[in-house]
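Please look over the sequence and the structure shown below before reading on.

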Amino acid sequence: MTEANRHPIHIHDDACIGCVHCLTACPTKAIRIKNGKARIISELCIDCGECIRYCPHDAIDSLTTSFSDLNAFKYKVAIPATVLYGQFDNATLPNEILFALRRIGFDCVYELSTICELNNAAIAKYIDSHPKPRPLIASTCPVVARLIQHRFPSLCDLIVPIEPPREIAAKILRANLPRVLKIAPTDIGIIHIPPCPAKMVSINFPVSMEKSYLDGAISIRDIFNPIFQALRQSQEDTIMCHLFPETIFSGIGMGTALSGGETRGLKNHRTVAVSGVRDTIRVLDQVELGLLKDVDLLECTVCPDGCVGGPLAVENRFLAKSRILRLVNQMGERTVVDSSDMSMLYHKDFLSFSHPIKPVPDLPLDDDRGRAILKAKRRNKLVKQLPSKDCGACGAPDCRTLADDIVRDQAALPDCPFMKEEK
Ligand code: SF4
Ligand code: SF4
């Protein structure tokens, strides 16, 4: 996969009417409107999915692993994000959803809430053994890590270097399944079921490891209907799930589907949870200014209310949130992870990043330094000439970005309708 096609975000030209909603929503100014259609600048996109959320014409979606891709594997494992449990009505037990996943073709389903709790405990241990600097930043949301790399490079060292639950679960399975099943590791396909496109990119292009332990991701939006159908057909499973609720769930881990979930298990630490891309940027701006030093852990999720607000979830996030909270309350705050197991994995570096997250430099105005300085001067002059209306009518999100595009020869002054009029 090349840089140009690394992103799963896809624009359907036949549905796009060039209305600029996505242009103004994109937090990294990665969208332009060219010839009346939205275009994404690959190097700037962080796969946050804001454009999917804001497009009123359903012209943007995300490509994920297809069901036919699963046929490449003899043994298929699903690792659903805990937010999946909030997509069905209150009468549907989490166990029934796991059964339904098996009915639609997975040989094994790995329940993630326990690993989410383990991840919480490992973060707490990291905080305790690293008294400085502060605030540390949780890295489970892959968009936050990429936002920091691109827009807040000086904060990269604050990211807690503990792998997210989905990767820890897949690593455990990779270490054990080939031996237990006596099949080749390449015959085992481990698939995540997330509510956002960013997890797909974090699997294809991981930033904290050489290669992801996961083989792909099928979005909740794509898998919801097959699960729903399987749930309707399996009265027997429903009875079994009520009589023998055999899977152990963690109430602490279940909460990670919500903003504040990663800090839920950290009772003895000073924590702050922020959600939504704009509030996340606002708080990271403050951290860059040297504020929030009395906070141990800052948890940021770019989707509103956390993963329940993911652009590829199907249920209204308020309902999903209330269902997850109900499950958290039912399951309680009792820890189900053995702290000595967690310590052992922590000290063996089983849970840690293998590569540090590094800053990604800004796109230069020109590869040649001398020419880049001249272009910057021309850009500054252009900014003064432009009307400062930031209306998006030129196809760029604001006047300054249009000026950048002009000096890069990717746009022209008459693209601005006000300049055209003046001329
Ligand atoms: S929001 Fe963007 S992708 Fe959707 S129709 Fe408008 S310009 Fe096209
Ligand atoms: S996914 Fe996010 S960063 Fe990428 S184009 Fe859409 S809004 Fe912009």
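P80 stands opposite I193 in strand β8. This contact belongs to the parallel pairing of strand β5 with β8 (residues 188-193), which runs over six bridges. Strands pair if DSSP finds at least two bridges between them; helices (H or I, at least four residues) and strands (E, at least two) are DSSP runs, numbered from the N terminus.

The model is predicted: local features need pLDDT of at least 70 and side-chain atom pairs count only at pLDDT 80 or more, whereas totals for chains, interfaces and linings use all residues. Residues are numbered from 1 along each chain as its sequence is written, and chains are lettered from A and ligands numbered from 1 in the order in which they are written.

**Strand β5 and its neighbours**

Strand β5 also pairs with strand β6, again in the parallel sense. In β6, V109 is the bridge partner of A78. The two pairings of β5 are set out here.

| Partner of β5 | Residues of partner | Bridges |
|---|---|---|
| β8 | residues 188-193 | six bridges |
| β6 | residues 108-109 | two bridges |

Because five of the six residues of β5 (residues 75-80) are buried, this strand is largely enclosed by the rest of the structure. A residue is buried if 20 or more other C-beta atoms lie within 10 Å of its own, with C-beta atoms placed from the backbone.

Together, β5, α3 and β6 form a right-handed β-α-β unit; right-handed means that, with the strands pointing away from the viewer, the path from the first strand over the helix to the second runs clockwise. Helix α3 (residues 94-103) is itself mostly covered, with eight of its 10 residues buried. Among them are I97, L98 and F99. Just after α3, G105 adopts a positive phi of about 130 degrees.

**Domains**

The domain assignment, which is automatic or from a database, gives domain 1 (1-62), domain 2 (67-347) and domain 3 (365-423). The centres of domain 1 and domain 2, taken over C-alpha atoms, are separated by 26 Å. Their contact takes 15 residues from domain 1 and 17 residues from domain 2, where two residues are in contact if their C-beta atoms, placed from the backbone, lie within 7 Å. On the side of domain 1 that touches domain 2, helix α2 (residues 50-54) supplies the largest share, three residues.

**Ligand 1**

Around ligand 1 there are 14 residues, of which C16, C19, H21, C22 and C55 come nearest; a residue is near if its C-beta atom, placed from the backbone, lies within 6 Å of the molecule.

Terms used
A residue is buried if 20 or more other C-beta atoms lie within 10 Å of its own, exposed if 12 or fewer, and partly exposed in between; C-beta atoms are placed from the backbone.
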